[in-house]
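Please find below some notes on the model.

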Amino acid sequence: MTTKKTNKTKGNPSVKRGQVVTPEGYAYIRSAGGIDEYVLNSNGLRVLLKEDHFAPVATVMVTYHVGSRNEALGHTGATHLLEHLMFKGSKKYNKKNKKQIWNLLQTKGARLNATTWLDRTNYFETVPVQYVETAIAFEADRMRNAFIKEEDRQLEMTVVRNEFERGENNPIEAVDRDIWASAYQAHPYHHPTIGWRSDIEHVSIERLKKFYDTFYWPNNATVTVIGDIDRVNILALVKKYFGVHKRAPHEIPAVYTKEPQQHGQRRVRVERQGQTNIVGLAHKTPEGLHKDTYALLVLSQLLGGSKGSRLYRSLVDKGFATSVDMSDHPFRDPGLFITYTFLTPGTAHKKVEDVVVREYEKIKHGEIGSSELKRAIAQLQSSILFARDGSYTMAGSLNEALAIGDWTFFTNLPAKIGAVTAKHIRDVARKYLTDDQSTVGYFVAK
């Protein structure tokens, strides 16, 4: 159950109401699933905390609400390239003063890294609990004091370009990129998160600095700390280190581009060196917070989530495919429901495409047995819970919910999935799995 409450401290350094402690300088927002949300009043930084005393470790994760959807032609891949540059040092943590974060934390057994995607970027450290303060201090410093230097851009550009080239040589990444680029013509989901090669190679350091100075501010970020922590202590540390930053002096630019209505199926074909032929069938879906998302997730499980699912029985068990993969991630804006099938040698692409379409039609017009539905829901709920085992995986799942617009999507997801009915699944299949909203991709191995 989610609760909301307004807190006023009026000089009292710590006000306790129920189980929620609100130190001075914070506003308590709400709690759900053992997670408490606060906002740092001075700069709008959002903070999520969850105590888990199972092991003496904790994860510190900073989610910036900026991803490749915030980029435009000429600087696609900027978020990802900045991810690399933000590990090159900051005002207080750098090579010159011998306080490189790798040396300070990785040598102590910490795990640290960052990831970039369509709607968000995150930076994280999973550390022995005695080093949580170091992780918080470091993340706060590079929020506004990261070195964004031309010499580092030149070095990291070659690293990112190598990543791009590896993706080019990966059949599934190649066809996936072209499916998204064809399905989206106006919306920035059109371009890959890593960016287009020419932008990776030629984006200027001035443009990257401008991008950094536009989006990397406290009021466009969420700090999540999960693990063997004391909430009051963590809030004090966050205030101490992140509180030195002001709010952005400008409005954070919003993405207002909407994808126009699609009129008719689109098709792409990628022919290049490879070992396996692939068929991808994609359909447009609503934004992640839409009520139909839960039924689409269960539909994905029914179709290809296990070896007993419908597409496995009709494709893999019959020798037409080696495997089936479903991609149905909820995003901030309308996304794609994609079935990828990896063909056995000699199997025609069109034959597999027809089988997938027939299975979609069976969902639309046939019966979904109660035992089949219960099994799919149980499998999906179990996989969600297993994916939250540990402070890092829990923080990562929370991060994805933040990316689509509401962290309580994370806490509500198992129950919402449990409430999905066979009728709702048929309704969403009829609504979204239509030819005129589809994009078909073939990877033809040479």
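1. The contact of α11 with α15 is made by I363, K364 and H365 on the α11 side and by I425, R426, A429 and R430 on the α15 side; contact means heavy atoms within 4.5 Å. By class, three nonpolar, one polar and three charged residues take part. Ala, Val, Leu, Ile, Met, Phe, Trp, Tyr, Cys and Pro count as nonpolar, Asp, Glu, Lys and Arg as charged, and the others, Gly among them, as polar. Helices (H or I, at least four residues) and strands (E, at least two) are DSSP runs, numbered from the N terminus.

2. This is a predicted model, in which local features need pLDDT of at least 70 and side-chain atom pairs count only at pLDDT 80 or more, while totals for chains, interfaces and linings use all residues. Residues are numbered from 1 along each chain as its sequence is written, and side-chain values use heavy atoms, with hydrogens and water left out.

3. Helix α11 (residues 349-365) packs on helix α15 (residues 422-432) at an angle of about 130 degrees, and their axes are 7 Å apart. Axes are lines fitted to C-alpha atoms, for helices over the stretch in contact, and angles run from 0 to 180 degrees between N-to-C directions. The two helices are therefore oblique to each other; angles under 35 degrees count as roughly parallel, over 145 as roughly antiparallel, 65 to 115 as roughly perpendicular and the rest as oblique.

4. Helix α9 (residues 292-304) also packs with α15, at about 95 degrees and with the axes 9 Å apart, so α9 and α15 are roughly perpendicular to each other. D292, A295, L296, V298, L299 and L302 of α9 meet H424, I425, V428, A429, K431 and Y432 of α15. This contact has nine nonpolar, one polar and two charged residues.

5. How many aromatic pairs does a search of the whole structure find? There are 18 aromatic pairs. Rings of Phe, Tyr and Trp (its six-membered ring) pair if their centres lie within 6.5 Å; planes under 30 degrees apart count as stacked, over 60 as edge-to-face and the rest as tilted. With ring centres 4.7 Å apart and planes at 45 degrees, F124 and Y392 form a tilted pair. F124 is in strand β9 (residues 121-128) and Y392 in helix α13 (residues 391-404), 268 residues apart. F124 is buried at 2% relative accessible area, whereas Y392, at 22%, is partly exposed. Buried means under 20% relative accessible area, exposed over 50%, partly exposed in between (1.4 Å probe, protein chains only).

6. W180 and F331 make an edge-to-face pair, 5.8 Å centre to centre with 85 degrees between the planes. W180 belongs to helix α5 (residues 171-183) and F331 to the loop between β13 (321-327) and β14 (336-343), so the pair ties together parts 151 residues apart in sequence. Both W180 and F331 are buried. Elsewhere, ring pairs link Y64, F87, W102, Y123, Y212 and Y216 into a cluster.

7. Helix α5 also holds S182, which counts as buried at 17% relative accessibility. Neighbours within four places in sequence aside, S182 is in contact with R266, V268 and T439.

8. K98 has a positive phi near 60 degrees and is not a glycine. Most residues other than glycine have a negative phi. K98 sits in the loop between α1 (78-85) and α2 (101-105) and is exposed, at 72% relative accessible area.
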